[in-house]
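Subject: Structure to look at

Hi,

Here is the structure for you to look through. My notes follow below it.

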Amino acid sequence: MDKALSRTLPGDTGGIDPVPRSAVRPAAGYRAAGHYLTTTYTPEFNSKYRLVVWGRLAAVRPR
């Protein structure tokens, strides 16, 4: 894990953009292009918000 957005609205789709950054909280996320991994999930028994975790890939190997 490199960065996290602890709570965001279900409609905040900026977290899965090519340069992931929250549309609701712009300070959360990245500012430059790169290779990132994004995972999102909704806590059990709660659909009011999502949790987002980002990671920067350490290496990219062409096939």
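Start with R21. This is a predicted model, and in it R21 has 31% relative accessibility, so R21 counts as partly exposed. The cut-offs matter here: buried means under 20%, exposed means over 50%, and partly exposed lies in between.

Together with K3, R31 and R56, R21 forms a patch of positive charge on the surface.

Now the charges of the chain as a whole. There are 10 positive side chains and 4 negative ones. The centres of these two sets are 5 Å apart.

Next, the fold. How many helices and strands does the chain have? The count is zero helices and three strands. Follow the sequence and you read the pattern β-β-β.

On to the overall dimensions. Along the principal axes, the C-alpha atoms fill a box of roughly 40 × 25 × 15 Å. The accessible surface of the chain is about 4,800 Å². Carbon and sulfur atoms hold 55% of that surface.

The chain has 63 residues, and 30% of them count as buried. Take the contacts in the chain with a separation of 6 or more: 42% of them are between residues 24 or more positions apart.

Best wishes

Note on methods: Residues are numbered from 1 along each chain as its sequence is written. This is a predicted model: local features need pLDDT of at least 70, side-chain atom pairs count only at pLDDT 80 or more; totals for chains, interfaces and linings use all residues. Side-chain values use heavy atoms; hydrogens and water are left out. Patches are made of residues with over 30% relative accessible area and no salt bridge: like charges are joined within 9 Å, nonpolar side chains (Val, Leu, Ile, Met, Phe, Trp, Tyr) within 5 Å. Accessible areas come from the Shrake-Rupley method with a 1.4 Å probe; for residues, only the protein chains shown count as cover. A salt bridge is a side-chain nitrogen of Lys or Arg within 4 Å of a carboxyl oxygen of Asp or Glu. Lys and Arg count as positive and Asp and Glu as negative; His and the chain ends are not counted. The place of a charge is taken as NZ of Lys, CZ of Arg, CG of Asp or CD of Glu. Buried means under 20% relative accessible area, exposed over 50%, partly exposed in between (1.4 Å probe, protein chains only). Helices (H or I, at least four residues) and strands (E, at least two) are DSSP runs, numbered from the N terminus. Contact means heavy atoms within 4.5 Å.
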